[in-house]
Amino acid sequence: MELFYQRFFHALPIRSVTTDQDLHLLSEEELRLVRKTEYWALWLAVLIELVAYLLIFLPLYEFPDFFENQTISLGGPFIHLTGKFHWAKSGWMILMTVAELYILLLLNLAAVHGIAVATGYIKRNESAQETMGLIRIALEKRFSELQQFGIDPYQQMNPWMLYLFLAFNRLKGLIGSVLARAVISNLFGREILRVYLDFSGMPIYMAINWYTTHVILRNARVVVMGQTSIEIIRRQLPEMRLTPWELELVYDSLQFIAVNKRDFHANHYYLTKAIVEHFGIEIQAFHPLPADYFDKLKSAQKSIANICRLIIVLGFILDGVLSWRERRELADLQDEGILSLCYADLERYRHQFVDGQGLDEVTAHLLSVD
């Protein structure tokens with residue numbers, strides 16, 4: 001399928017748009033095109049869910065005898081189960097659901113391509129590696145290359161909690177639909193019409209389609225701008241020889257942002273790669289975050305502490321999202337006297353980055369902190 005996705009991606013037309021050479025910055029025209037692409041993609045994602053629901057359930061209502069009577073008796077390994085399996089009904093629902101998922105996937109590929117064209121990324125980066133990076137964003141594939149540097153976002157996370165966390169993210173639509181059906185049944189009793197139950201999950205799946213497409217397109221935007229921004233930041237870092245203890249502290253800072261995000265992200269990989277290569281950090285198979293990280297950071301000399309602070313703040317904003325966990329972590333950093341940056345400033349820096357205004361202000365501020 002990857003070959004098909006590549007062919008589809010390359011077959012998409014490249015509109016003639018005026019773009020500049022600064023991929024980390026968006027002009028007014030570029031930002032307008034990006035937002036227009038996102039707007040249409042979000043509404044199409046919602047429309048696709050509406051059409052899919054109609055295609056699934058209207059035939060079931062129109063031809064009830066066919067779908068209800070096409071059954072097989074369960075036996076063999078399922079002999080302990082009673083009743084019959086409605087293979088025609090289940091097969092039709094699965095077929096329509098799979099078709100919807102592929103149409104959504106192609107929509108995401110086209111929207112990501114549109115954002116890459118609007119920002120000038122397609123013209124500047126036509127290598128297979130860069131193209132596959134964009135395709136992976138559209139397919140929601142995890143950017144697990146961060147593990148090459150011994151960085152683990154799930155450090156100290158209970159394996160069962162991690163499993164439940166990942167399972168919920170994948171099955172939130174199904175869980176929400178089941179809960180909606182249960183609430184409606186409890187409110188209106190068993191006499192509620194079947195059509196209301198069948199369509200009760202539609203708003204939930206519409207919202208999930210909207211949110212998923214929003215996340216994918218936001219990731220596409222920040223990754224396109226992030227690679228160039230990180231390279232510019234790397235050139236601004238001081239050329240200095242660090243002691244083994246200082247190298248360890250910088251390494252700790254990279255693990256700190258991964259643990260706070262609890263996820264893999266392409267920009268965190270690019271940032272980690274740039275920092276490791278710039279300072280010549282020896283890669284470890286696994287680099288856990290030490291319990292005394294804050295104490296180590298507070299005892300470091302100013303120039304090293306500033307680099308670590310910059311890594312922390314960049315880690316917060318490079319994926320374009322600030323969660324409640326990061327807001328709480330920022331408060332801890334303020335209480336420890338490590339960061340004087342308030343949440344409003346951090347949110348402003350994030351907005352500037354997502355809206356294509358770059359990271360120059362935050363870099364200049366943190367590298368010059370007294």
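**Close-up views of helix packing in a predicted model**

The crossing of helix 4 and helix 9 is right-handed. The legends below walk through this pair and its surroundings in what is a predicted model.

**View 1. Helix 4 packs along helix 9.** Here helix 4 (residues 87-119) lies against helix 9 with an angle of about 30° between them and their axes 10 Å apart. Because angles under 35 degrees count as roughly parallel, that makes helix 4 roughly parallel to helix 9. On the helix 4 side, look for E100, L104, N108, A111, V112, I115 and T119. They meet N209, T213, I216, L217, A220, R221 and V224 of helix 9. Sorted by class, the residues of this contact are eight nonpolar, four polar and two charged.

View 2. How far apart should the ends of helix 9 be? Helix 9 runs over residues 202-236, and at 1.5 Å a residue its 35 residues should span 51 Å. The end C-alpha atoms are 50 Å apart, which agrees with that expectation. Along the way, helix 9 bends by about 30° at G226.

**View 3. Helix 13 meets helix 14.** Helix 13 (residues 302-317) and helix 14 (residues 324-335) pack at about 160°, and their axes are 11 Å apart. Since an angle over 145 counts as roughly antiparallel, these two helices are roughly antiparallel to each other. The crossing in which helix 13 passes helix 14 is left-handed. Helix 13 contributes I312, G315 and F316 to the contact, while helix 14 brings E326, E329 and L333. By class, that gives three nonpolar, one polar and two charged residues.

**View 4. Helix 10 crosses helix 14.** The axes of helix 10 (residues 244-261) and helix 14 come within 9 Å and cross at roughly 140°. The two helices are therefore oblique to each other. Which residues make the contact? From helix 10 they are F256, N260 and K261, and from helix 14 they are R325, E326, E329 and L333. The contact divides into two nonpolar, one polar and four charged residues.

**View 5. D355 in its loop.** D355 sits in the loop between helix 15 (343-354) and helix 16 (360-367). D355 and S27 are 328 residues apart in sequence, yet their C-alpha atoms are 9.6 Å apart in space. Beyond its neighbours within four places in sequence, D355 is in contact with L26, L31, R35 and R221. R221 also belongs to the helix 9 side of the contact with helix 4.

Definitions and conventions:
Residues are numbered from 1 along each chain as its sequence is written. This is a predicted model: local features need pLDDT of at least 70, side-chain atom pairs count only at pLDDT 80 or more; totals for chains, interfaces and linings use all residues. Side-chain values use heavy atoms; hydrogens and water are left out. Helices (H or I, at least four residues) and strands (E, at least two) are DSSP runs, numbered from the N terminus. The expected span of a helix is 1.5 Å times one less than its number of residues. The bend at a residue is the angle between axes fitted to the seven residues ending there and the seven starting there. Axes are lines fitted to C-alpha atoms, for helices over the stretch in contact, and angles run from 0 to 180 degrees between N-to-C directions. Angles under 35 degrees count as roughly parallel, over 145 as roughly antiparallel, 65 to 115 as roughly perpendicular and the rest as oblique. A crossing is left-handed if the near helix is turned anticlockwise from the far one by less than a right angle, and right-handed if clockwise. Contact means heavy atoms within 4.5 Å. Ala, Val, Leu, Ile, Met, Phe, Trp, Tyr, Cys and Pro count as nonpolar, Asp, Glu, Lys and Arg as charged, and the others, Gly among them, as polar.
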